[in-house]
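I opened this model to look up charged side chains and a few loop residues. My notes are below, in the order I made them.

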Amino acid sequence: MNFLGHCLFSDDTPAALAGSLWPDFARRPEPSTCSAGFLQHFDRHQWIDKTTDHHPLLEPLRIELRPVFRKTTPIVIDMMLDHHLAQHWARYHALALPAFAKNAYHQLQRFDELTWSPRFERTLFWMTQQDWFVSYASSVGIQQALSGMAKRIRFDNPMVEHSLVAVHQTNLFVDTLDLFIEHLLTQTRTHE
């Protein structure tokens with residue numbers, strides 16, 4: 001999962017949403033420095049990432065993408081899950097995606113328990129300005145997201161030139177991605 005997916009699996013509070021994204025930018029803070037809700041969602045992010053990287057439901061998609069994307073395959077799958085979520089948002093959440101996105105950005109900006117890392121602060125600024133969550137629904141938007149991700153990787157990678165391959169494969173695995181997301185939704189409800 002990327003940013004949209006982690007926010008989908010978050011409670012709707014500043015601490016929960018910030019905790020849901022924090023692991024992509026910084027280490028787990030000391031428990032004395034933040035709320036239990038923040039830490040719960042930080043840990044949930046880690047669990048979701050581990051599950052996404054190893055769940056057998058996604059192995060057929062990994063097999064299709066690995067020859068093209070090699071070691072960036074897990075990153076591409078995370079991005080394609082967000083693309084799938086944005087395209088089929090009404091299946092997963094009662095609130096329309098534009099309203100959900102606007103609320104999530106607002107809640108994240110209200111978070112004040114910890115000091116943002118500069119990279120997280122920059123990411124949140126551009127995420128909000130360019131409305132990344134809504135843009136993930138279009139092929140162009142997700143290709144731009146892949147391009148941005150590719151620039152942050154410190155080695156040559158095929159994410160930009162083969163982004164259409166990722167989008168095409170995602171569209172072939174709609175049922176698989178639905179099953180996987182339903183699995184995560186069930187598991188997060190069970191562990192609450």
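Predicted model: local features only at pLDDT ≥ 70, side-chain atom pairs only at ≥ 80, totals over all residues.

**Entry 1: salt bridges**

I searched the whole structure and got four salt bridges. I began in helix H4, where Arg62 and Glu59 sit three residues apart, about one turn of the helix. Their closest N and O atoms are 2.6 Å apart, and I logged the pair as a salt bridge. I then checked accessibility: Arg62 is buried because its relative accessibility is 7%, under the 20% cut-off. Glu59 is at 29% and counts as partly exposed.

Glu59 also meets the side chain of Arg66 in a salt bridge, at 3.7 Å from N to O. I noted Arg66 as partly exposed, with a relative accessible area of 38%.

Next I looked at Arg91 and Asp178, whose side chains form a salt bridge at 2.4 Å, N to O. This pair links distant parts of the chain: Arg91 is in the loop between H5 and H6, Asp178 is in helix H11 (residues 174-190), and 87 residues separate them. Arg91 is partly exposed at 45% relative accessibility, whereas Asp178 is buried at 16%. Going back to Glu59, Arg62 and Arg66, I recorded them as one network, joined by salt bridges that share partners.

**Entry 2: Asp49**

What does the side chain of Asp49 make a polar contact with? I found the side chain of His45, at 2.9 Å. Asp49 lies in helix H3 (residues 36-54). Asp49 is buried but has no salt bridge, and Arg119, the nearest side chain of opposite charge, is 11 Å away. Beyond residues up to four places away in sequence, I listed Met1, His6 and Asp24 as touching Asp49.

Most residues other than glycine have a negative phi. Arg70 is in the loop between helix H4 (59-69) and helix H5 (73-87). Asp131 is in the loop between helix H7 (118-129) and helix H8 (132-135), and I marked Asp131 as partly exposed at 26% relative accessibility.

**Entry 3: His93**

I placed His93 in the loop between H5 and helix H6 (97-110). His93 is partly exposed, with 27% relative accessibility. The His93 side chain reaches the backbone nitrogen of Leu95 at 3.0 Å. Leaving out neighbours within four places in sequence, I found His93 in contact with Leu8 and Phe100. His93 and Leu8 are 85 residues apart in sequence, with their C-alpha atoms 7.9 Å apart.

Technical notes:
Residues numbered from 1 in each chain as written. Heavy atoms only, no water. Helix = DSSP H or I, 4+ residues; strand = E, 2+ residues; numbered from the N terminus. Buried < 20%, exposed > 50% of the residue type's maximum accessible area, 1.4 Å probe, protein only. Lys, Arg positive; Asp, Glu negative; His and termini not counted. Polar contact = N/O pair within 3.5 Å; in protein donor to acceptor, adjacent residues only side chain to side chain. Contact = heavy atoms within 4.5 Å.
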